[in-house]
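This report describes one protein and the surroundings of its ligand. The sequence and structure come first, followed by the description.

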Amino acid sequence: MAGQSAPTLGIEAVSKRFGAVRAVDDVSFGIERGSLACLIGPNGAGKSTLLHCIAGFLSPDGGRISLDGQDVAGWSPHKRARAGLATVFQVMRAPHLDVLSATMIGCHAWTRTGFVSGILRPPWQWREERRIREEAWRALELVGLAHRARDTADALPLGQLRLLSVARVLAQRPSVLLLDEPVAGLRAGEKSQLRKVFRDLRARGLTQIIVEHDMQFVGSVAERIIVLDRGRVIADGPPAEVRHDEAVITAYLGTATL
Ligand SMILES: Nc1ncnc2c1ncn2[C@@H]1O[C@H](COP(=O)(O)OP(=O)(O)OP(=O)(O)O)[C@@H](O)[C@H]1O
Ligand SMILES: [Mg+2]
């Protein structure tokens, strides 16, 4: 569109069926660079399916997904992540590692060596290791978890485990973050911590797409809300607009306030 910058993430007429179920049905929208959009809608609306199509875990049956103007069709999740499109998994297997090492694993997946240990490393490997360690520290500081860097990841409460799963992805320096229900099951204080992290990341220019059912949370972080119902976009706009949309109230919000 004239006068508007191209979206960093483009979704054009994307569809995904499972048998007779149209999980995602002709969905189109663009996500502006540096924006924070929430994707909401009833159970089974197709939110996770769409996120998985964007991340590359599912192949759409039709349509086009682009990152910075490049068609990502056929790109593996790994290649998409290397290009900056990263997924934060809600459930992170916390290995018996300390928090710093668990964060470093996020980077090791993308380096030449992988997570190997040994004393006969060439100098470039040590440099790489140092760089990864620095990235991991930076990521832990961003999410406010640096004070737990030496603790065992397994021992963290759920809220801090979520922060760790975000840090692990941030350590790869992504440009677009995809999150599926990041605050589900968390206590109020833990939600506030994540809210602050997402706002801070937004202020740093990171693009975020958050799928979430917690409407209070959505209302407090989203600058734009996209509503899916039975695979289709039924509303797309700022919270002030979407919260009064009749179709959204009928399909999803009911008495919940956004
Ligand atoms: N792997 C699959 N095989 C078959 N059907 C699936 C598969 N994944 C999702 N579906 C179906 O596709 C539709 C969309 O599911 P999806 O998980 O994307 O919804 P959602 O919006 O994420 O819901 P929720 O809010 O409950 O997480 C549902 O009807 C679901 O049963
Ligand atoms: Mg889902």
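## The ligand shell and the fold around it

Helix H1 gives the largest share of the shell around ligand 1, 3 residues. A residue belongs to this shell if its C-beta atom, placed from the backbone, lies within 6 Å of the molecule. Helices (H or I, at least four residues) and strands (E, at least two) are DSSP runs, numbered from the N terminus.

The model is predicted: local features need pLDDT of at least 70 and side-chain atom pairs count only at pLDDT 80 or more, while totals for chains, interfaces and linings use all residues. Residues are numbered from 1 along each chain as its sequence is written, and chains are lettered from A and ligands numbered from 1 in the order in which they are written.

Among the residues around ligand 1 are Phe 18, Val 21, Gly 44, Lys 47, Ser 48 and Thr 49. Two elements, strand S2 (21-31) and helix H1 (47-55), each give two or more residues to the shell. By class, the shell has 4 nonpolar, 6 polar and 1 charged residues. Here Ala, Val, Leu, Ile, Met, Phe, Trp, Tyr, Cys and Pro count as nonpolar, Asp, Glu, Lys and Arg as charged, and the others, Gly among them, as polar.

H1 also lies across strand S3 (36-40), S6, S7, S8 and strand S9 (224-229), and runs at about 150° to S7. Axes are lines fitted to C-alpha atoms, for helices over the stretch in contact (C-beta atoms, placed from the backbone, within 7 Å), and angles run from 0 to 180 degrees between N-to-C directions.

These strands belong to an open sheet of 6 strands with mixed pairing, in the order S6-S7-S8-S3-S9-S10. Strand S6 (85-88) and strand S10 (232-237) are its edges, each pairing on one side only. Two strands pair if DSSP finds at least two bridges between them. Strands S7 (residues 176-180) and S8 (residues 207-211) pair in the parallel sense over 5 bridges, and Val 176 stands opposite Thr 207 in S8.

The protein has 9 helices and 10 strands. Of its 258 residues, 38% count as buried, that is, with 20 or more other C-beta atoms within 10 Å of their own; 12 or fewer makes a residue exposed, and values in between partly exposed, with C-beta atoms placed from the backbone.

| Residue | Phi | C-beta neighbours within 10 Å |
|---|---|---|
| Ala 13 | near 50° | 12, exposed |
| Asp 68 | near 50° | 16, partly exposed |

Ala 13 is in strand S1 (residues 9-18), whereas Asp 68 is in the loop between strand S4 (62-67) and strand S5 (70-71).

Key
Two residues are in contact if their C-beta atoms, placed from the backbone, lie within 7 Å.
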